[in-house]
Amino acid sequence: MKQSPRAKRLAKHHKRFKSGGKLNLVALMDIFTILVFFLIVNQSEVRVLQNIEKIKLPVSIAEELPVENLVITVLKDTVLIQERAVWQNSADKPNFSEQENLEFIEAMTTELTYQASKRTELTESEKEKGRAVTIIGDSSTPYMALKQIMAACAETGYRNMSLAVERQASKAAEES
């Protein structure tokens, strides 16, 4: 049986589109290669510790960048070590009593000792300066609370302490 030109064209069309579509991987590889190079080149040296909306960091002109280490977060009514709550102030008692103060220091010491026991090998720098810890606290955090936290840190071997601050722009950068 002889087919008309239209029937031949339709058969050829159906045969061509019956097979699955082909994916051009070369173009995708090019895109991903460019993306990887872009991310590598634009990697910044700014380290983001944590994004906690409740905390307004104090402003500083410090030049030294923070390093990855144990993080203590001090909120208005909670203290977190590595995002794990170790102490919470009851809402009906805004001020510390002496017994609550002892419980606070004991809870801090227990958690810091546990964190130190997870990594027993110390580097030469840690043997000399002590283990490193970063304390993140709101600019309105009372000095007494920071003092107690730093005392608990020093007691458990975390003597290399850093306070997280928001870096203030230098005057040369502001003028340009």
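In which helix is the place of Glu100? In this predicted model, Glu100 is found in helix α3. Its relative accessibility is 15%, and Glu100 therefore counts as buried, the limit being under 20%. Between Glu100 and Asn89 there are 8.8 Å in space, taken from C-alpha to C-alpha, and the two are eleven residues apart in sequence.

Helix α3 also takes part in the largest nonpolar core, which has 18 residues. Within this core, the residues that touch the most other members are Ile72, Met108, Leu112 and Ile149. At least two residues each come from the strands β2 (70-74), β3 (78-81), β4 (84-88) and β5 (132-137), and likewise from the helices α3 (98-118) and α5. For Ile149, contacts are found with Ile72, Val74, Phe104, Met108 and Ile135, when residues up to four places away in sequence are not counted.

Helix α5 spans residues 143-155. Its 13 residues reach 18 Å from the first C-alpha to the last, close to the 18 Å expected at 1.5 Å a residue. The buried residues of α5 are Ala145, Leu146, Gln148, Ile149, Ala152 and Cys153. Viewed down the helix axis, the buried residues of α5 fall within an arc of 160°, so they line one face of the helix. Tyr143, Met144 and Glu155 are exposed and sit on the face of α5 turned away from the buried side. After α5 comes Gly157, which has a positive phi, near 95°.

From first to last C-alpha, α2 reaches 24 Å, close to the 24 Å expected at 1.5 Å a residue.

Strands β3 and β4 pair in the antiparallel sense, over four bridges. In this pairing, Leu80 stands opposite Ala85 of β4. The two strands, β3 and β4, form a hairpin with two residues between them. In the turn of this hairpin, Gln82 has a positive phi of about 50°.

Side chains of opposite charge can pair when their charged atoms come close. In the model, the count of salt bridges comes to two. One of them joins Glu111 and Arg84, whose closest N and O atoms are 3.5 Å apart. Because Glu111 lies in helix α3 and Arg84 in strand β4, this pair ties together parts that are 27 residues apart in sequence. Glu111 has a relative accessibility of 6% and so counts as buried, whereas Arg84, with a relative accessible area of 44%, is partly exposed.

The side chains of Glu124 and Lys127 also meet in a salt bridge, with an N to O distance of 3.9 Å. Both residues, Glu124 and Lys127, lie in helix α4 (residues 124-129), where they are three residues apart, about one turn of the helix. Glu124 is exposed, its relative accessible area being 61%. Lys127 is exposed as well, with a relative accessible area of 52%.

Key:
Residues are numbered from 1 along each chain as its sequence is written. This is a predicted model: local features need pLDDT of at least 70, side-chain atom pairs count only at pLDDT 80 or more; totals for chains, interfaces and linings use all residues. Side-chain values use heavy atoms; hydrogens and water are left out. The expected span of a helix is 1.5 Å times one less than its number of residues. Buried means under 20% relative accessible area, exposed over 50%, partly exposed in between (1.4 Å probe, protein chains only). The arc is that of the directions from the helix axis to the C-beta atoms. A nonpolar core is a set of buried Ala, Val, Leu, Ile, Met, Phe, Trp, Tyr and Cys residues joined through side-chain atoms within 4.5 Å. Contact means heavy atoms within 4.5 Å. Two strands pair if DSSP finds at least two bridges between them. A salt bridge is a side-chain nitrogen of Lys or Arg within 4 Å of a carboxyl oxygen of Asp or Glu.
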